[in-house]
Amino acid sequence: MMDLPSKLTIYAFLFTFALLWITRRIVAYKRLLTLYHDIPGPRFFAFSLGLLNFRAHPPYITPPRNFGFHSKHAEYERFGWDVISFIFAWPSSRATIWVADPYAIKEIVQSRDRFVKPVAMYKILSFYGGNIVASEKEEWKRHRRVAQPAFSEKNNKLVWDESSRIVSEMIETWGPNQDTVEVDHVVSITLPIALMIIGSAGFGQQVSWDEDMVVPAGHKMSFRTALSTVCKDLFLKLLVPNWASGLTQRYRNIYTAFDELQLYMEEMIKERQSASNDNSNHDLFSNLIQASEESILGHKLSPEELMGDTFIFLVAGHETSAHTLAFTFALLALYEDEQELLYQQLKETIPEGRVPTYEDMPLLTRSMAVFYETLRLFPPVNVIPKVAVEDTTLSFSPAVRSSQECATKDYRGPRRTVHIPKDARISIHTPGLHYNRTHVILEIQALP
């Protein structure tokens, strides 16, 4: 047995270690408070409490779940400026600058040498290879130059035509003379619509509505199921090691979905490469394939980058569009007067019995307005992260708390200029910007 002096020595060592650890945390936290003293904002003990965040959010301990969206512009109004700082003490001291000032945001996105993308944060999207999202500077430019020619007027028309075809097929599956169609969740409609459009217009994979859930020979999942599972459980895949993949059905589905999606993409690439002599395709996928086989404007993709870009354009091309469509339908259902105005313009622009054409699009001004307002109220991306690569400065305006204040106040001044230290984390806060009354003069009504 251990004698008393030995126990006391161990206890003293543990106490000293804990005291030093706590002291270092306090010193680091106070250092951040001093460094960002001229940028006010919320102060919390912890960035996250893990699974406990789903249950409770004690004040000053941790921010509430989905705080970035639900807070909108309220925190800026509370602290009086359109740039604020969040500082956390646990598990390590960290600070993030949130920006909702449009002029400051313009400066950040245009100053690519001062404020860069934190590429390490995007490595989760590099399961299949490097890609346009998980890259920066010259590497990002190389990916962009390969993809850019596909975003043309010709391809826009193809997107329109495929959208019309897919939605018409969906309506036909409901049967004739249906006054009402009930669905459990609107995303169960918008996700396959968006996926089939990007699959056809971007990758030349034309699939009918009935065929979308068919599992082809040699596969264990349909393409749609595999892709939606990967999108939904992307972060969980990082947490579940290979040895634990068989513990639950959900874990098995995750690993199966990742393997299946890779197999689908390999088949798509092989099929398009075998038809590389066919010059009739001018879509995004053709550009990616060509860049993997030969240099396009001096830029070439490796096989891993071809797979990575294929994955990222499939994900980015369908999920954000699907959820924007879902919010649009919900808002039109809530605001029936706006729904009726939209319906009347559609009737006036497109005679009954005629299929809408791409030439009709500029005339559908209310449709565009509805989409713009949906994107303002429910942006698909809440935060765009940046990092300052050098000591620099940033100017921003006072926060406007009401439409009346906005109408009676020169909101462009006086602007405040503050020091931004090197390696500072910066978040372009989309909901904060979109709900900023400085630029949205009308009072935003609370949604039901």
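At 14% relative accessibility, Ser-286 falls under the 20% cut-off and so counts as buried. This holds for a predicted model, as does everything that follows. Ser-286 sits in helix H11, and its side chain is joined to that of Arg-272 by a polar contact of 2.6 Å. Arg-272 belongs to helix H10, and both residues are part of the place where H10 and H11 meet.

That meeting of helices is worth a look. Two packed helices are described by the angle between their axes and the distance between the axes. Here, the axes of H10 (residues 249-274) and H11 (residues 284-293) come within 10 Å, with a crossing angle of roughly 75°. Since angles of 65 to 115 degrees count as roughly perpendicular, that is the label for H10 relative to H11. On the H10 side, the residues involved are Met-268, Ile-269, Arg-272 and Gln-273. H11 brings Phe-285, Ser-286, Ile-289, Ser-292 and Glu-293 to the contact.

Turning to the strands, six of them make up an open sheet with mixed pairing, and reading across it gives the order S1-S2-S3-S8-S5-S4. Strands S1 (43-46) and S4 (115-116) stand at the edges; each has a single partner strand, so one side of each is left without a neighbour in the sheet. Strands of a sheet pair through backbone hydrogen bonds, either parallel or antiparallel. In the case of S4 and strand S5 (residues 383-388), the two run antiparallel and are joined by two bridges. Within this stretch, Val-116 stands opposite Val-387 of S5.

The sheet also has a helix lying over part of it. Helix H4 (residues 102-110) lies across S3 (94-99), S4, S5 and S8 (425-429), and runs at about 125° to S8.

With 2% relative accessibility, against a cut-off of 20%, Val-418 counts as buried. What surrounds Val-418, once its neighbours within four places in sequence are left aside? The contacts are Asp-38, Ile-39, Thr-392, Thr-393, Leu-394 and Phe-396. One of these, Thr-392, lies 26 residues away from Val-418 along the chain, and the C-alpha atoms of the two are separated by 8.6 Å.

Key. Residues numbered from 1 in each chain as written. Predicted model: local features only at pLDDT ≥ 70, side-chain atom pairs only at ≥ 80, totals over all residues. Heavy atoms only, no water. Axes fitted to C-alpha atoms, helices over the stretch in contact; angles between N-to-C directions. Helix = DSSP H or I, 4+ residues; strand = E, 2+ residues; numbered from the N terminus. Parallel < 35°, antiparallel > 145°, perpendicular 65-115°, else oblique. Contact = heavy atoms within 4.5 Å. Buried < 20%, exposed > 50% of the residue type's maximum accessible area, 1.4 Å probe, protein only. Polar contact = N/O pair within 3.5 Å; in protein donor to acceptor, adjacent residues only side chain to side chain. Pairing = 2+ DSSP bridges.
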